[in-house]
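Keep the picture at hand as you read.

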Amino acid sequence: MDHQHPMLFDEVAKAAIPIIDTFNSQSLANTVNAFAKMDHHHPILFDEVANAAIPIVGSFNSQDIANTVNAFAKMDHQHPILFDEVAKLAIPIIDTFNSQDIANTVNAFAKMDHQHPMLFDEVAKAAIPIIGTFNSQNLANT
């Protein structure tokens, strides 16, 4: 996006941080996703989102997972504990992931060089039956 307002994003972060523990999974995912889409990295906000997400990671759905880890990867913001917790959650619900969720999640783990062989094994099992639903970008990212 060509028209950015960094000061606005900084003010949003400043307002969000004190109340971040009131955000639900979708709000946390949407917040970091918006910052990543605008290419506005706010390390303190990303750390606070991760810290708020970890205790409620069990409430994340496949899209929340994919959007969150994708945002962290786009901003190259390392948070291994969050990625480990997300992987633990994703494994038993991987069959709820659509092709885009699978591609974005795998791509984020790969970009961050975050190894989780069990997650990748389960992703492979889940992706093979639905590989026909993957578009070219999903295939390239998986």
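The questions below are about a predicted model.

Q: Why is α3 called roughly parallel to α5?
A: Start with the angle. The axes of α3 (residues 43–56) and α5 (residues 80–93) cross at roughly 30°. Angles under 35 degrees count as roughly parallel. Therefore α3 is roughly parallel to α5. The two axes also come within 10 Å, and the crossing is left-handed.

Q: Which residues of α3 and α5 meet?
A: From α3 come Ala-50, Ala-53 and Ile-54. From α5 come Ile-81, Leu-82 and Glu-85.

Q: How do you know which of these residues are nonpolar and which are charged?
A: Sort them by name. Ala, Ile and Leu count as nonpolar, and Glu counts as charged. The contact of α3 with α5 therefore divides into 5 nonpolar, no polar and 1 charged.

Q: What makes α6 roughly antiparallel to α7?
A: Again, look at the angle. α6 and α7 (residues 117–130) pack at about 150°. Angles over 145 degrees count as roughly antiparallel. So α6 is roughly antiparallel to α7. Their axes are 11 Å apart, and α6 passes α7 in a left-handed crossing.

Q: How many residues of each class make up the contact of α6 with α7?
A: There are 10 nonpolar, 1 polar and no charged residues. Among those in α6 are Ile-102, Val-106 and Phe-109. Those in α7 include Leu-119, Phe-120 and Val-123.

Q: What lines the largest pocket, and which residues lie nearest its centre?
A: The lining has 16 residues. Nearest the centre are Asn-67, Asn-70, Gln-100, Asn-104 and Gln-137. The pocket holds about 300 Å³ of space.

Q: Which helix gives the most to the lining of the largest pocket?
A: It is α6, with 6 residues. At least two residues each come from α2, α4, α6 and α8.

Q: How does the lining of the largest pocket divide by class?
A: It has 2 nonpolar, 11 polar and 3 charged residues.

Q: Where do Asp-39 and Asp-76 lie?
A: Asp-39 is in the loop between α2 and α3. Asp-76 is in the loop between α4 and α5.

Methods
Residues numbered from 1 in each chain as written. Predicted model: local features only at pLDDT ≥ 70, side-chain atom pairs only at ≥ 80, totals over all residues. Heavy atoms only, no water. Axes fitted to C-alpha atoms, helices over the stretch in contact; angles between N-to-C directions. Helix = DSSP H or I, 4+ residues; strand = E, 2+ residues; numbered from the N terminus. Parallel < 35°, antiparallel > 145°, perpendicular 65-115°, else oblique. Left-handed = near helix turned anticlockwise from the far one by under 90°. Contact = heavy atoms within 4.5 Å. 1 Å grid on protein atoms, 1.4 Å probe; cavity = no way out; pocket = protein on both sides within 12 Å on 5 of 7 lines; lining within 4 Å. Points joined across faces, edges and corners; volume = space filled by probe spheres on them.
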